Amino acid sequence: MDQSSSIFASWLVIFFSLFVTLASVVPQAEARAFFVFGDSLVDNGNNDYLATTARADSYPYGIDYPTHRPTGRFSNGLNIPDLISEQIGMESTLPYLSPELTGQRLLVGANFASAGIGILNDTGFQFINIIRISKQIEYFQQYQQRVSALIGAEQTERLVNQALVLITLGGNDFVNNYYLVPFSARSRQFSLPDYVVYLISEYRKILARIYELGARRVLVTGTGPLGCVPAELAQRGVNGECSVELQRAADLFNPQLVQMLNELNSQIGSDVFVAANAFAMHMDFIHDPQAYGTYRCQLVF
């Protein structure tokens, strides 16, 4: 599966650090709508409604969830969007494809994320039927039309403008695209530095479109330490060390992402986009786990 299938447990630790960043987006925790875009790190179950191999519908997924059953989350329990929802005083957002997402539950927001996707449409092609980011944005437009029918266009615009948005993309564009197989199509097309520049330029278009559709408080996570993902350690690591090449990819991608967000904010004239340094958060956990206490985590593959 993608990067999150074997690294999610450490993202639960990252989540607590994310609240430092979250405070700059939402100064005071309060009930508000919440929208989620991205890959399996934040998918709440959309892929369970799709005919795809990128699914989290079997053991050991969900073993620490309140029901102790798989929920479509690529996690042993709650995932990052669930915990953020708790912090802002709302129930967890439902997957957009859930038949339960109707009526008043629409006002909570929606989770559009889909495991396996990336910034690029050819990322995760092996999973076939997943919700590409362009489709997620299309669903966001559709969502607003549905809510407008419920509360009117003006109230819908206010709901979206005041909402918190989380977007998590990028990791799969490396592990499930550029480095998926030796001499992949993208690695033949681009050197790694040029590929990162291309990814960032495409990501900018995605974020600009989300802004056009009304998002005004957007938390953007960078990639974690891709070379330290257990699956990548097993396949590419040497003597238990993180994969140097994948770490290099993250080292190139994350600073350029921050720079791009700053440029977008400058162009807009407001700090709409806030970067979350997932790489540094995760490495802090690796180097000083005692500082984070003791956690019972189940790594899922």
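This is a predicted model: local features need pLDDT of at least 70, side-chain atom pairs count only at pLDDT 80 or more; totals for chains, interfaces and linings use all residues.

Analyst: A helix here is a DSSP run of type H or I with at least four residues, and helices are numbered from the N terminus.

Lys205 and Glu202 both belong to helix H7, which covers residues 192–212, and they stand three residues apart, about one turn of the helix. Their side chains meet in a salt bridge, with 2.9 Å from N to O. Side chains of opposite charge can pair when their charged atoms come close. A relative accessibility of 53% puts Lys205 in the exposed class, because exposed means over 50%.

The salt bridge between the side chains of Glu245 and Arg248 has an N to O distance of 3.3 Å. Glu245 is partly exposed, with a relative accessible area of 33%, and Arg248, at 36% relative accessibility, counts as partly exposed. Elsewhere, salt bridges that share partners join Glu91, Glu100 and Arg105 into one network.

These helices, H7 and H9, also cross each other: their axes come within 9 Å at an angle of roughly 35 degrees, and the crossing is right-handed. Sorted by class, the residues of the contact of H7 with H9 are 17 nonpolar, two polar and four charged.

Two packed helices are described by the angle between their axes and the distance between the axes. Helix H3 (residues 133–151) packs against helix H4 (residues 153–162) at about 130 degrees, and their axes are 7 Å apart. Angles over 145 degrees count as roughly antiparallel and those from 65 to 115 as roughly perpendicular, and H3 and H4 are therefore oblique to each other. H3 passes H4 in a right-handed crossing. On the H3 side the meeting residues are Phe140, Tyr143, Gln144, Val147, Ser148 and Ile151, while H4 brings Ala153, Gln155, Thr156, Leu159 and Val160. By class, the contact of H3 with H4 divides into seven nonpolar, four polar and no charged residues.

Returning to the charged pairs, a search of the whole structure finds 12 salt bridges. One of them is formed by the side chains of Asp122 and Arg186, at 2.9 Å from N to O. This pair links distant parts of the chain, as Asp122 lies in the loop between strand S2 (109–111) and H3, whereas Arg186 lies in helix H6 (residues 185–189), 64 residues apart. Asp122, with a relative accessible area of 27%, is partly exposed, but Arg186 counts as buried at 13%, because buried means under 20%.

At 5% relative accessibility, Ser184 counts as buried. Leaving aside residues up to four places away in sequence, Ser184 touches Asn177 and Tyr178.

Technical notes. Residues are numbered from 1 along each chain as its sequence is written. Side-chain values use heavy atoms; hydrogens and water are left out. Axes are lines fitted to C-alpha atoms, for helices over the stretch in contact, and angles run from 0 to 180 degrees between N-to-C directions. Helices (H or I, at least four residues) and strands (E, at least two) are DSSP runs, numbered from the N terminus. Angles under 35 degrees count as roughly parallel, over 145 as roughly antiparallel, 65 to 115 as roughly perpendicular and the rest as oblique. A crossing is left-handed if the near helix is turned anticlockwise from the far one by less than a right angle, and right-handed if clockwise. Contact means heavy atoms within 4.5 Å. Ala, Val, Leu, Ile, Met, Phe, Trp, Tyr, Cys and Pro count as nonpolar, Asp, Glu, Lys and Arg as charged, and the others, Gly among them, as polar. A salt bridge is a side-chain nitrogen of Lys or Arg within 4 Å of a carboxyl oxygen of Asp or Glu. Buried means under 20% relative accessible area, exposed over 50%, partly exposed in between (1.4 Å probe, protein chains only).
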